[in-house]
Amino acid sequence: MEVIICDTQEAVADRVANYIKYLINKKENATLGLATGSTPIKLYKKLIELYNNNEVTFKKTTTFNLDEYYNIDGDNIQSYRYFMNKYLFNKIDIDKSKAHFPICLEGENPNLIGDLYEKKIINAGGIDLQILGLGSNGHIGFNEPSSSFMSKTRIKTLTQKTIDDNSRLFNKNEYQPNMAMTMGISTILNAKYIILIATGENKSDAVNRLISGAISSKNPASILQNHKNVIVILDEDASSKV
Ligand code: GLP
């Protein structure tokens, strides 16, 4: 595991965007695994800048998002598809039919949708580069503590900690889902390269456990210590307890 500490959140975004640019310029039909949350917003802004400067094109890129709330349609403003459209896809030349989300609505079978998502990833040739954020409880995607390291895309019940952390993104009377479809830990580990981004002091404990904690399903991100090609990119605040 390589750990890079940058001065600012902008420098983190810059660094990761340049890795993505390098990959896509080398392999134009690359497959990216993408994350939502506040952390990657600056990265997506930077990718739009690179696209506007003609430094990269996403025309042939395929993407798979890590997760999606259960029973939230892709047009709902709280959906992760809406988030990706707003912060990235509407502003670049990606073919949206190649941008995938594990959407599962009530009445649909989460097991079948999970299996199908896995097959789509395999048919795309696997994920070349997976971008990850980090939950303050050590989750990656929505793989909450105690998630199996063998897990594949499936439905998960969110912990109260995650619901509380994410409540800032919902209005007071707005429905906040407590379940989500998420790539499994084994799905994530199958990516050829992984870049985990963490910024801000509130992630410093989780970052410390990720890098030097025991590998345990109680701390899902710790399994990344075993992956051959992981880069953890932090700002100073997130790295303060390393
Ligand atoms: C969410 C997402 C994760 C994300 C994490 C951190 O619950 N499922 O993919 O990495 O929380 O979010 P943020 O970047 O907003 O702190």
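Reply: Two strands are taken to pair if DSSP finds at least two bridges between them. The model discussed here is predicted. By that criterion strand β4 (residues 67-69) pairs with strand β8 (residues 179-182). Their three bridges run in the antiparallel sense.

Me: Which residue of β8 is the bridge partner of E68?
Reply: The strands concerned are β4 and β8, which pair over three bridges. Within β8, the partner of E68 is M181.

Me: In which sense, parallel or antiparallel, do β7 and β8 run, and which residue is the bridge partner of K156?
Reply: Strand β7 covers residues 154-157 and is joined to β8 by four bridges. The two strands run antiparallel. In β8, the bridge partner of K156 is A180.

Me: How many bridges join β6 to β9?
Reply: Strand β6 spans residues 129-132, strand β9 spans residues 193-198, and the two run parallel.

Me: Which side chain has an N or O atom 2.6 Å from an oxygen atom of the ligand?
Reply: A polar side-chain atom of H139 lies 3.2 Å from a ligand oxygen, and for R168 the corresponding distance is 2.8 Å. The distance of 2.6 Å belongs to the side chain of K203.

Me: What percentage of the ligand's exposed area does the protein bury?
Reply: Taken alone, the ligand exposes 390 Å². The protein buries 94% of that.

Me: How many residues of the shell around the ligand are polar?
Reply: The space that the ligand takes is the largest pocket. Of the 13 residues around the ligand, S38, T39, D67, R168 and K203 come nearest. The shell divides into two nonpolar residues, three charged and, as the polar group, eight.

Terms used:
Residues are numbered from 1 along each chain as its sequence is written. This is a predicted model: local features need pLDDT of at least 70, side-chain atom pairs count only at pLDDT 80 or more; totals for chains, interfaces and linings use all residues. Side-chain values use heavy atoms; hydrogens and water are left out. A residue is near a molecule or strand if one of its heavy atoms lies within 4 Å of it. A polar contact is a pair of N or O atoms within 3.5 Å; within protein, one must be able to donate a hydrogen and the other to accept it, and residues adjacent in sequence count only if both atoms are side-chain atoms. Accessible areas come from the Shrake-Rupley method with a 1.4 Å probe; for residues, only the protein chains shown count as cover. On a 1 Å grid over the protein atoms alone, a cavity is a set of points where a 1.4 Å probe fits but cannot get out, and a pocket is an open set with protein on both sides within 12 Å along at least five of seven lines; lining residues have an atom within 4 Å of a point. A molecule sits in a cavity or pocket if more than half of its atoms lie within 2 Å of its grid points. Ala, Val, Leu, Ile, Met, Phe, Trp, Tyr, Cys and Pro count as nonpolar, Asp, Glu, Lys and Arg as charged, and the others, Gly among them, as polar.
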